Amino acid sequence: VPELLAAALPPGTVRTGVRAVSASTTAVATAEHGEIGCRAVLVATGAHDAAELLPGLRVPAFHPVTVMHHTADRPPLREPALILAAGGRGPVAHTMVASEVDPSRTPPGRVLITSTVLGASAALPAAELDRAVRAQLAAVYGTSTAGWELLATHHDPYAVPAMPAPHDPRRPVRLLSGLYVCGDHRDSSTVQGALASGRRAARAVLSDFGAPPAAGSDTNAGNAGTGSVPVAAA
Ligand SMILES: Cc1cc2nc3c(=O)[nH]c(=O)nc-3n(C[C@H](O)[C@H](O)[C@H](O)COP(=O)(O)OP(=O)(O)OC[C@H]3O[C@@H](n4cnc5c(N)ncnc54)[C@H](O)[C@@H]3O)c2cc1C
């Protein structure tokens, strides 16, 4: 998606690897690339980073997520399937044989099993979690996991903004004329929510600049669909 959005812009418009350290309506100060002047700023980071750049912005509570990657001699399943492991029989929420889903993610002939742990279990020590995950995956895949090798464990304590009821999925994205914020913390805690908030923010920028909405952007600014993000102002 980022590449599709960037491809619609003139070459050189998007610069990556540039860390913003402060933002105002007229300029962004960066860590290593000096100050960049502008007519408007849209902060599109996670909630913690957004609050660093925009002091006073609400930072929600977060749910942790841990992702574990195992390898095995043989794929435990020869299908490009995401398996929902709900049912309370272990910490894994969902798992897949990633090398079957996307063979480009592994060297030829290698097997990669990727499993996601949500909630309190995600905070368990890695070795303890690995034992519980293996036991559950043995039942899920119907095979022994004793010989599997743990390749990596990625724990993110701030993975997903919490959405306790009553949740507002349309938090303001326009702070003032020339200063905007988007991201999953302004909408729902998903890629779709992040994109929908980006679309709302882009519309606000266009409106403040007196420009018509980008061609193809529907007038329903809710969460339905993410295919028409107006790239001209994103
Ligand atoms: C392990 C895991 C699994 C998930 N699984 C799913 C899933 O299956 N489905 C789903 O819908 N969602 C999933 N999510 C949630 C989803 O990834 C997020 O909701 C979404 O990526 C949020 O998008 P965003 O654009 O708001 O922020 P991000 O994707 O976090 O992007 C923010 C960007 O801002 C950059 N940045 C931060 N600070 C600065 C700065 N000072 N200067 C410049 N750049 C900066 C960061 O480097 C980052 O690239 C998952 C999240 C995690 C962690």
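1. Alanine 51 touches Leu57 and Val59, not counting residues up to four places away in sequence; contact here means heavy atoms within 4.5 Å. The residue is found in helix 2 (residues 47-53). Helices (H or I, at least four residues) and strands (E, at least two) are DSSP runs, numbered from the N terminus. Alanine 51 is buried, with a relative accessible area of 18%. Buried means under 20% relative accessible area, exposed over 50%, and partly exposed in between, using a 1.4 Å probe and protein chains only. The C-alpha atoms of alanine 51 and proline 169 are separated by 18 Å, and these residues are 118 apart along the chain.

2. A note on provenance. This is a predicted model, in which local features need pLDDT of at least 70 and side-chain atom pairs count only at pLDDT 80 or more, while totals for chains, interfaces and linings use all residues. Residues are numbered from 1 along each chain as its sequence is written, and side-chain values use heavy atoms, with hydrogens and water left out.

3. Five strands form an open sheet in the order 6-7-8-5-9, with antiparallel pairing. Two strands pair if DSSP finds at least two bridges between them. Strand 6 (82-84) and strand 9 (149-161) are the edge strands, each pairing on one side only. From one strand to the next, the twist averages 20 degrees. Axes for such angles are lines fitted to C-alpha atoms, for helices over the stretch in contact, and angles run from 0 to 180 degrees between N-to-C directions.

4. Within that sheet, strand 7 (residues 92-97) and strand 8 (residues 113-118) run antiparallel and are joined by five bridges. Valine 97 stands opposite isoleucine 113 in strand 8. Strands of a sheet pair through backbone hydrogen bonds, either parallel or antiparallel.

5. Strand 1 (residues 20-23) and strand 2 (residues 27-30) also run antiparallel, with three bridges between them. They form a hairpin with three residues between the strands. Alanine 23 stands opposite valine 28 in strand 2.

6. Which residues touch the most other members of the largest nonpolar core? They are Val92, Ile113, Val117, Val133, Leu137, Tyr141 and Trp148, out of 14 residues in that core. Strand 7, strand 8 and helix 4 (126-141) are the elements that give two or more residues to this core. Helix 4 supplies the largest share, four residues. A nonpolar core is a set of buried Ala, Val, Leu, Ile, Met, Phe, Trp, Tyr and Cys residues joined through side-chain atoms within 4.5 Å. Another core, of 11 residues, lies apart from this one; Ala23, Ala51, Leu53 and Val181 are among its members.

7. Aromatic pairs deserve a look. The structure holds two of them. The rings of phenylalanine 62 and tyrosine 158 have centres 5.5 Å apart and planes at 80 degrees, so this pair is edge-to-face. Phenylalanine 62 lies in strand 5 (residues 62-71) and tyrosine 158 in strand 9, so the pair ties together parts that are 96 residues apart in sequence. Phenylalanine 62 is buried, with a relative accessible area of 18%. The rings of tyrosine 141 and tryptophan 148 have centres 6.1 Å apart and planes at 55 degrees, so this pair is tilted. Rings of Phe, Tyr and Trp (its six-membered ring) pair if their centres lie within 6.5 Å; planes under 30 degrees apart count as stacked, over 60 as edge-to-face and the rest as tilted.

8. Tyrosine 141 and tryptophan 148 are both buried. Leaving aside neighbours within four places in sequence, tyrosine 141 is in contact with Pro76, Leu77, Ile83, Thr95, Met96, Val97, Ile113 and Trp148.

9. Cysteine 38 is partly exposed, with a relative accessible area of 26%, whereas cysteine 182 is buried, at 6%.

10. Two loop sites remain. Threonine 106 is in the loop between helix 3 (98-101) and strand 8. It is buried, with a relative accessible area of 14%. Leaving aside neighbours within four places in sequence, threonine 106 is in contact with Ser99 and Leu112. Proline 166 is found in the loop between strand 9 and strand 10 (174-176). A cis peptide bond joins alanine 165 and proline 166, with omega about -5 degrees. Most peptide bonds are trans.
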